[in-house]
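Please open the structure in your viewer and keep the selection panel at hand. The tour starts with the whole chain and then moves to single residues.

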Amino acid sequence: MNIVLVTGAAGFIGSHVARKLIESGTHVRAVDAFTNYYGRAQKESNVADLRGRDGFELIEADLSSADPAPLLDGVDAVCHLAAQAGVRDSWGADFDTYIDCNIRSTQRLLEAARDLDLSRFVYASSSSVYGETEDLPMREDGRTCPVSPYGVTKLAAEHLAVLYHRSYGVPTVSLRYFTVYGPGQRPDMAFHRFIRAALADEPITIYGDGEQTRDFTYVDDIVAGTVAALTDGPPGTVFNLGGGSRVSLNRAVESIENALGTTIRREYTEKARGDVTDTLAANDRARHDLGFAPGVTLDDGIRAQCAWMRSLVASDQA
């Protein structure tokens with residue numbers, strides 16, 4: 001791989017992937033729309049150390065409307081991470097944004113890529129495609145029935161990736177990410193909100209009773225699986241990428257308390273629409289084809305995110 005197009009490259013996961021590729025000697029053509037889903041300042045901070053480095057170019061563009069041809073010119077592989085995130089915000093009038101960012105943008109990239117000689121087109125999907133199920137662990141060939149508009153758009157784009165592989169030979173691989181956390185995490189995500197509140201000695205809000213479980217996955221493990229998918233695994237395949245352990249939200253909050261050395265006041269409210277009860281990834285396929293082996297424990301990962309959050313808060317206050 002000489003040039004990899006990384007979309008959503010100023011975001012949480014995208015910036016980590018871009019950094020890993022640059023460190024490996026790969027040229028990264030980074031694209032980001034800098035949407036207003038959260039503040040631009042954090043996205044700029046995510047790529048601050050990459051700007052000016054050899055092999056890194058950053059283009060500001062909205063994939064739902066920009067001409068994709070110049071972005072793909074000379075590219076060897078695509079890592080498509082750009083998306084409108086958020087389960088709870090995907091209801092109502094904002095659904096149009098999810099259609100543009102998650103479905104239309106993906107289709108336009110795939111259409112532009114169909115006549116190119118790409119080595120791989122990696123699409124970042126989500127565990128949200130599974131929806132509510134008691135069939136754990138979740139397997140790639142299991143039932144998909146999203147319970148949020150966000151999940152519907154991620155699954156639709158997944159189907160598009162498969163269709164363009166079958167019809168035009170685009171070498172697509174889809175990765176279903178399971179609850180990613182770590183340094184750089186978006187401010188709307190639970191750990192970011194919890195840690196920031198704890199550092200300010202403010203209470204946190206937990207939707208439901210806190211006994212819902214998630215397969216929390218540290219960002220470095222996600223990056224390793226994503227980069228591996230750029231070269232390994234058969235095209236047309238879908239892979240789970242999960243941390244490998246099922247932990248309740250209450251237990252995760254306890255880990256944050258231990259990392260910060262404080263007690264967090266908790267306020268419980270009703271379960272949010274679109275939230276599922278449990279997630280747990282079956283990683284067998286990714287382990288076999290991608291060599292995926294998540295190695296960061298929840299406690300270690302939370303300590304790393306807490307350290308990053310301390311520096312972020314200190315910077316905000318300076």
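**The whole chain**

Of the 318 residues of the protein, 53% count as buried, where buried means under 20% relative accessible area, exposed over 50% and partly exposed in between, with a 1.4 Å probe and protein chains only. This is a predicted model, in which local features need pLDDT of at least 70 and side-chain atom pairs count only at pLDDT 80 or more, while totals for chains, interfaces and linings use all residues. Residues are numbered from 1 along each chain as its sequence is written, and side-chain values use heavy atoms, with hydrogens and water left out.

Show the cartoon, and the secondary structure comes to ten helices and 13 strands; these are DSSP runs numbered from the N terminus, with helices being H or I of at least four residues and strands E of at least two. Switch to the C-alpha trace, which spans about 55 × 45 × 40 Å along its principal axes.

**Thr-106 in helix α4**

Select helix α4 (residues 95–113), where Thr-106 is found, and note that Thr-106 is buried, with a relative accessible area of 1%. Leaving aside residues up to four places away in sequence, Thr-106 touches His-80, Tyr-123 and Ala-157, where contact means heavy atoms within 4.5 Å.

Most residues other than glycine have a negative phi, and most peptide bonds are trans. Select Phe-34 next, in the loop between β2 (27–32) and α2 (40–47); its phi is near 50°, a positive value in a residue other than glycine. Is Phe-34 buried or exposed? Phe-34 is buried, with a relative accessible area of 10%.

Move on to the loop between α6 (190–199) and β8 (204–207), which holds Asp-201. Asp-201 is not a glycine either, yet has a positive phi of about 55°, and Asp-201 is exposed, with a relative accessible area of 54%.

Finish in the loop between β5 (120–126) and α5 (149–168), where Pro-137 is found. Display the backbone there: the peptide bond from Leu-136 to Pro-137 is cis, with omega near 0°.
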